[in-house]
Amino acid sequence: HVLIPTRGEGKCPKESSRFRYRKGQCNEQSCNGDEVCIAVQDLIIAVDGSGSLQESGFKILKGYVSSLLNRYETEYFGERTVKLGIVLFGNGVIMPDGKTVSPAINAQKLTFDKDAVKAAVEGLPFKKGFTNMAQAFAMGEDMFTKGSRKRAQQSIMLVTDGKPSFSFMTNEMAEQLDDKSIMRYFVIV
């Protein structure tokens, strides 16, 4: 069924036409190792605590997140920049009702206190559940509702080792976040 009938005799430029497509280089310089992030962003870092990691792998993920946190500046020249929060997912167990899955853990609500965020990462327990990314997205959405800023970009960064246990639910939650313009980043370790 045609939703909107054709009007006029216009033509659409081809895919590679200069009217539709542009290509350019950016950030061509090598990294120095001292780069920092000063974006006006509300960022939730979701850490995978699932059993597929093993205890040693979970420590590696926590170490990576701690190193990453050193790159973020919550205040820059007196202005508030990145607001950070931590979610632990992968604690997924089936609840006593036999139908629902335990929610992700809000380890640190969105804050400008980077020391509190680092302490939250250090204190994350290894949960040994299954990789339920949907629970991380759901908790992240809830955290944004309760503590994000109007003018800040909202983003969730999942630090994980693998594929989601529930692909359908994960896809549904990702689409829900997409509808709210919440960026998603995946760091596969």
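## Helix α3

In this predicted model, α3 is mostly covered, since eleven of its 15 residues are buried. The helix runs over residues 133-147 and reaches 21 Å from its first C-alpha to its last, close to the 21 Å expected at 1.5 Å a residue.

## Helix α1

Helix α1, which spans residues 54-69 and has 16 residues, reaches 23 Å between its first and last C-alpha, close to the 22 Å expected at 1.5 Å a residue. Its buried residues are Gly57, Phe58, Leu61, Lys62, Val65, Ser66, Leu68 and Leu69, and they pack against β1, β4, α2 (114-122) and β6.

## Cysteines

With a disulfide taken as a pair of cysteine sulfur atoms within 2.5 Å, the count comes to zero disulfides. Cys26 is in no disulfide, and the nearest cysteine sulfur, that of Cys31, is 12 Å away; Cys26 is also exposed, with a relative accessible area of 59%.

For Cys37, the closest cysteine sulfur is again in Cys31, at 13 Å, and therefore too far for a bond. Cys37 is partly exposed, with a relative accessible area of 22%.

Technical notes: Residues numbered from 1 in each chain as written. Predicted model: local features only at pLDDT ≥ 70, side-chain atom pairs only at ≥ 80, totals over all residues. Heavy atoms only, no water. Helix = DSSP H or I, 4+ residues; strand = E, 2+ residues; numbered from the N terminus. Expected span 1.5 Å × (residues − 1). Buried < 20%, exposed > 50% of the residue type's maximum accessible area, 1.4 Å probe, protein only. Contact = heavy atoms within 4.5 Å.
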